[in-house]
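Below, each label attached to the model is set against the cut-off behind it.

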Amino acid sequence: MVEDTDMQEEIHAEDTLEQVAARMAAARLHQRIEASEIMANLDIDSRAAQLGIDWSQVNLDSIHLPPGENFGIESDDEGVYHDDQLEFDTGFGNIIVVDNLPVVEKTKFAKLENVLKKIYNQLGVIKENGLWMPVDLDTGVTLGYCFIEFNTPQEAQNAKEKTHGYKLDKSHIFAVNMFDDFDRLMNVKEEWEAPQTKPYVPGENLQKWLTDEKARDQLVIRSGPDTEVLWNDPRQKNTEPVHKRPYWTESYVQWSPLGTYLVTLHKQGAAVWGGADTFTRLMRYQHNMVKLVDFSPGEKYLVTYHSQEPSNPRDASKVEIKVFDVRTGRMMRDFKGSADEFSIGGPGGVAGASWPVFRWGGGKDDKYFAKLSKNTISVYETETFGLIDKKSMKVDNVVDMCWSPTDSIISLFVPEQGGGNQPAKVALVQIPSKVELRQKNLFSVNDCKMYWQSSGEYLAVKVDRYTKTKKSTYSGFELFRIKERDIPIEVLELDNKNDKIIAFAWEPKGHRFAVIHGDQPRPDVSFYTMKTTQHGGRVTKLGTLKAKQANALFWSPTGKYIILAGLKNFNGQLEFFNVDEMETMATTEHFMATDIEWDPTGRYVATAVTSVHEMENGFTVWSFNGKLLYRVLKDHFFQLAWRPRPPSFLSPEKEEEIAKNLKKYSKKYELEDQDVSLLLSEQDREKRRALKEEWERWVMQWKSLHEEEKLERQNLRDGEISDEEEDDEEAREVKEVEFEDVIDVTEEIVQE
Amino acid sequence: MRPILMKGHERPLTFLRYNRDGDMLFSCAKDHTPTLWYADNGERHGTFRGHNGAVWCCDVSRDSLRLITGSADQTAKLWDVKTGQQLFSFKFGSPARSVDFSLGDKLAVITTDPFMERTSAIHVKRIAEDPEDQVSESVLVLESPNGRKRINRAVWGPLNQTIVSGGEDTVLRIWDAETGKLLKESDAEVGHKNTITSLTKAADDSHFITGSLDKTAKLWDMRTLTLLKTYVSGVPVNAVSMSPLLDHVVLGGGQDASAVTTTDHRAGKFEAKFYDKILQEEIGGIKGHFGPINALAFNPDGKSFSSGGEDGYVRLHHFDSDYFNIRI
């Protein structure tokens, strides 16, 4: 530490701390270079020859250096150690500067030093000669500050934090700074400058797609390596590209629930894309090997999921789930554990947990999310990302739970226990109070499935019950009216109790539901309503369609229209049905269709054949009433998803008013439609004309070449006078006359 | 009009060929006997017996007197059409995949498959006027640059100056028929992305159409190898043909035969699809086969066409008058 004191002398001589720092660094560097030069110059062999030592005679292991002596040669190990030390030192991270000390004369210097040592020895180990208090050279009076060097930067940091503002006495309040901070602090301007207000740079309008002049909707498709975002342009009977990127995602893509973001999955994690015109990356979320993602309904949070297959097949797979804030990209909470903790052995329990593990509740506020696990339901709140009341809800043997789509109400199902001694039950629980609002016990139940209506007004529970013999089951419904007083429950049984229920679907935002029931391959479809004028609050059947080739139901997002679809075994039968009028609008087929998706406005429907089939991959867009608009063929077609729209800002009254005066509003658009279709046919004609012209040019060229080569051809045929060739044109004309005759003949036959 | 179903083969059809006058139709199939039919009413005229393997391809001379066939029995044979007698047999060490007579019928181009250690090759044989003088030596042998890939079809270019070939390596090549030099290759960017299964040229040798398993057919200029048109089918294309009368092309194919039984019969799309040659738009389709279509041929008068399928049937279609008035 001799050098250190030397340096301190220098510090004393110079005034600016900057220069001090530079000098100190330079001095140390010099030292290191010297050391390395010694090493480099050491040519062992030449030295040995000089000294007349035969290396082969020397047993190196027998040589022991006196302890503490290295003859000026550093061992390799020491070098490494030393390097670390040097890095430590050059940082000056372990030095603090204490200001506002009392200015004392030489006589009191030692006393002050002792006081300071006392204070700072409590907070860390001061290095030997680590305290340095400069004095005025002429008078020997201290300058009112000192440097203290600790053993570690941590101690220095700690000392700074603890003693900054320490009151030695009334007029001496310590101001402590890190030595490293001085550069920065020296640069602080003497006069206070008003912070410049940065000009506001507006962020991109993430919802610009909603302002499309033609009010079109976007969709994303994946085919082969490409992911494309397209406008659906039904007027042009085609799509218009927005953004295309090969290898955009490594597994799939997903829109956020309000359509603001498109999320892509990668090895390193997930990323969201969006923006005004092109899709730029807005945020990344680091999660290695992410497999699944899920947004909260208000798109504030993104849940990512990763599961790792266990090395031992008997173990459960490892699961890691992270919850991110979508906008800031901050991880709010992560959950780790074995797959058992995240599932209850239900569907999907084999490879990992059933997705989504966390179900978001409470509508668009993203306030709560819940997890179902064995005998418990854990409800978390997003304010603290902790459990509500710091504990999970205990519900023995619970197997299923659903949130109301709008309110913070959970519906849960507990199956029968003790061989039927304890009945199954369906209960509604209010969150966060955890009060049970309503419950119903059900007997001889095999299974239950819960369906919430989209505005949270009704809950339908499909109950499969055993028949008396327990050999087979039959189904019925329990219908809860959530918004009415005391939540009345109704029981609905199908006309034919033994019918199997194939599909069930609520009308979005409406009061009707559709059920496919009966036996394959020609089941019946029935429609029911929860509201009728005659019956008051009774569920009533609207009608039944007999023997339909359907196994799936797709309501328009605005209600009223529904598609009865026969997917898979039915090869893509589609029936577009108007439930208001109870009439079929169109029956058609998209052969082998695997997926059906309504656009968010309910104006168009896309049906797709994905690559589960080898052929005819691609999608078809239909109008809401079943008119085919256009087809797009894409090989290796994987996915199609419409971009969702956020809910409308119009009040229900306003919407109704628009619906009433639709004629007035639609006039403008009809004219536009007409213009477009005129323009389109004009463009089409133009295109065709160009193609024809181009073709004519080729044909002319071929003809002239053919003519030129005529003689050569004859020669190749041994000079055979190819009369037919010369008369080609004539022959063709003759032939054409011939077939006109044929036409006449057939017409006569038809007349007979 | 109702098609005429010609049931003469017991195995899948492989090739169909009309003679120049349009009154005879030759069919080849995986059974060993090429068959001659009356192109008008579909009656069988006779068979050519002698091959001992699937017959892949045939061609008939301009005067309709000679027939040449290529077969998996590693021979190509010359036949007397009148008598059905075999005139000569070219022997190869591997199956003969395609045959084509030159203009003037003095030369024939024969392609052979890669087999054992042999690579695929294109052979040019001189065809003697008198079968007595026929020799089996090749005038020219072209080795394909991608020897382990099959050449599915090779035909003569204009004035016998070039040979155009296409096959499993998806590249179309133009060769000098004199020197055997490779003159041109199709652009990989615009060319087929999968095996080229078929190649049919226009009557005046000015352009030709290729079908491919990449589910498209493409129209090319025969001299410059310029891509003119692409027809998108949605199913693998096994056979292509062009109407000599109207600007129509017809594509045949369908799901691979091995996958057929697993799905609905409509799934295979075993249609002969008609396209507007210029606008590249689909006009219509003719269903009927219950297996993929392997062969298509237009009658030189353009008023009838026939299709041959994996199902072993040849379907002969005479067009209704409506066909000639199609407007799109």
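Q: What share of the 752 residues in chain A is buried?
A: In this predicted model, buried residues make up 41% of the 752 residues in chain A. Buried means under 20% relative accessible area, exposed over 50%, and partly exposed in between, with a 1.4 Å probe and protein chains only. Local features need pLDDT of at least 70 and side-chain atom pairs count only at pLDDT 80 or more, while totals for chains, interfaces and linings use all residues; side-chain values use heavy atoms, without hydrogens and water.

Q: Why is A:Phe619 called buried?
A: A:Phe619 has 1% relative accessibility. The limit is under 20%, so A:Phe619 counts as buried.

Q: What makes A:Phe637 buried?
A: Its relative accessible area is 0%, and A:Phe637 is therefore buried.

Q: Why is the aromatic pair of A:Phe619 and A:Phe637 called tilted?
A: Rings of Phe, Tyr and Trp (its six-membered ring) pair if their centres lie within 6.5 Å; planes under 30 degrees apart count as stacked, over 60 as edge-to-face and the rest as tilted. A:Phe619 and A:Phe637 lie 5.7 Å centre to centre, with 35 degrees between the planes. The pair is therefore tilted.

Q: Which parts of chain A does the pair of A:Phe619 and A:Phe637 tie together?
A: A:Phe619 lies in strand β41 (residues 618-623) and A:Phe637 in strand β43 (residues 637-642), so the pair ties together parts that are 18 residues apart in sequence. Strands (E, at least two residues) and helices (H or I, at least four) are DSSP runs, numbered from the N terminus.

Q: How many aromatic pairs does the structure hold over all chains?
A: There are 49 aromatic pairs over all chains. Elsewhere, ring pairs link A:Tyr301, A:Phe335, A:Phe358, A:Trp360, A:Phe369, A:Tyr380 and A:Phe385 into a cluster.

Q: How does the span of helix α5 of chain A compare with what is expected?
A: The expected span is 1.5 Å times one less than the number of residues. Helix α5 (residues 106-121) has 16 residues and reaches 23 Å from its first C-alpha to its last, close to the expected 22 Å.

Q: Why are the buried residues of α5(A) said to lie on the same side?
A: The buried residues of α5(A) are A:Leu112, A:Leu116, A:Ile119 and A:Tyr120. They cover an arc (of the directions from the helix axis to the C-beta atoms) of only 80 degrees, which puts them on the same side of α5(A). The face turned away from the buried side carries the exposed residues A:Thr107, A:Lys111 and A:Lys118.

Technical notes. Residues are numbered from 1 along each chain as its sequence is written. Chains are lettered from A and ligands numbered from 1 in the order in which they are written.
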